[in-house]
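Hi,

Here is the structure I said I would pass on.

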Amino acid sequence: SPFLSRDAAAPLPPGVPRGAKPVVGEVAADDYRIGPQDLLEIQVFGIENLKREVRVNSRGAASLPLIGTVVLGGLTSQEAEALIAARYEKDYLQDPQVSVFIKEFTSQRITVEGAVARPGIYPIRGDTTLVQAIALAGGQGQLPDLTEVMVFRLEAGQRRQLTYDLIKIRGGEIEDPKLASEDIVVVKRSESRVVLRDSVIGDVINIVNPFNYMPRF
């Protein structure tokens, strides 16, 4: 049966060296996380009748021959390859070599809120870092606290909070983290700077308008 063993690896497309990373636009596919409505080409080397083009549904799942429904949403292409290979190896194949190519990918999105120039929801394609996300939102807004920029990420149905020092990132002291689809970036306002600003404004008002303060007798 062709589903019991793999005798030879199927050839790669012309001009593609073995071991090369498939790309999505300008981004290596192993840096892109699969999302709903993405179109995938899935191959098992040496077994042509397992080759499929499948569209990921709204729940992040796709249906494949023999193994049925597989949830691929949120995985990189390499993670998807490992998952599919494990499912085939469990009951059908010996040492399957699975390849996942992302043929069409959808715009993913992030939300940027807080002390930025233009808070909102922004579409992203492939690799987007925290610094790039702040730039998408027009840069920092008034009185930001750049030492504690928060990123809320959905993992296993729950929001996980990550905190980054944007000043150190910009200074090259720490790595600029990559964001994932549906991340929420929050740039807090600096409470100490708000208090200082309000205090200075209050002093200026008192100087400009001496009748603002009337002593009681």
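Predicted model: local features only at pLDDT ≥ 70, side-chain atom pairs only at ≥ 80, totals over all residues.

Before anything else, one term: when I say two residues are in contact, touch or pack, I mean that they have heavy atoms within 4.5 Å. Helices (H or I, at least four residues) and strands (E, at least two) are DSSP runs, numbered from the N terminus.

Residues are numbered from 1 along each chain as its sequence is written, and side-chain values use heavy atoms, with hydrogens and water left out.

The overall picture

The chain has four helices and 12 strands. Of its 217 residues, 38% are buried; buried means under 20% relative accessible area, exposed means over 50%, and partly exposed is in between (1.4 Å probe, protein chains only). If you take the contacts between residues at least 6 apart in sequence, 54% of them join residues at least 24 apart.

Helix H1 and what it sits on

H1 covers residues 77-91, and its end C-alpha atoms are 22 Å apart. That agrees with the 21 Å that its 15 residues should span at 1.5 Å a residue (the expected span is 1.5 Å times one less than the number of residues). The buried residues in H1 are Ser77, Ala80, Glu81, Ile84, Ala85 and Tyr88. Looking down the axis of H1, these buried residues fall within an arc of 130 degrees, so they line one face of the helix; the arc is taken from the directions from the helix axis to the C-beta atoms.

What do the buried residues of H1 pack against? Five strands: S3 (39-44), S4 (47-55), S5 (61-64), S6 (68-71) and S7 (98-104).

The three-stranded sheet

S4, S3 and S7, in that order, form an open sheet with antiparallel pairing. Two strands count as paired if DSSP finds at least two bridges between them. S4 and S7 are the edge strands, each pairing on one side only. From one strand to the next, the twist averages 20 degrees. For angles, axes are lines fitted to C-alpha atoms (for helices, over the stretch in contact), and values run from 0 to 180 degrees between N-to-C directions.

S3 and S7 run antiparallel and are joined by six bridges. H1 packs on this sheet and touches S3, S4 and S7, with its direction at about 135 degrees to that of S7.

Is glutamine 43 buried or exposed? Glutamine 43 is buried, with a relative accessible area of 11%. Its side chain makes a polar contact of 3.0 Å with that of glutamate 41. A polar contact here is a pair of N or O atoms within 3.5 Å; within protein, one must be able to donate a hydrogen and the other to accept it, and residues adjacent in sequence count only if both atoms are side-chain atoms. Leaving aside neighbours within four places in sequence, glutamine 43 is in contact with Lys51, Gln97, Val98, Ser99 and Phe101.

The five-stranded sheet

The other sheet to look at is open, has mixed pairing, and runs in the order S9-S8-S12-S10-S11. Its edge strands are S9 and S11 (158-164), each pairing on one side only. Neighbouring strands are turned by 25 degrees against each other on average, direction ignored.

Here is how some of the pairs match up:

- S8 (residues 108-114) and S9 (residues 120-124) run antiparallel with five bridges, and they form a hairpin with five residues between them. Arginine 109 has proline 123 in S9 as its bridge partner.
- S10 (residues 144-155) and S11 run antiparallel, joined by seven bridges. Leucine 154 stands opposite arginine 159, and arginine 153 has arginine 160 as its bridge partner.
- S10 and S12 (residues 184-189) pair antiparallel over five bridges, with valine 151 partnered by valine 185.

Arginine 33 is in the loop between S2 (27-28) and S3. It is partly exposed, with a relative accessible area of 35%. Not counting residues up to four places away in sequence, arginine 33 touches Asp38, Gly74, Leu75, Thr76, Glu79 and Gln108. Arginine 33 and glutamine 108 are 75 residues apart in sequence, and their C-alpha atoms are 9.3 Å apart in space.

Cheers
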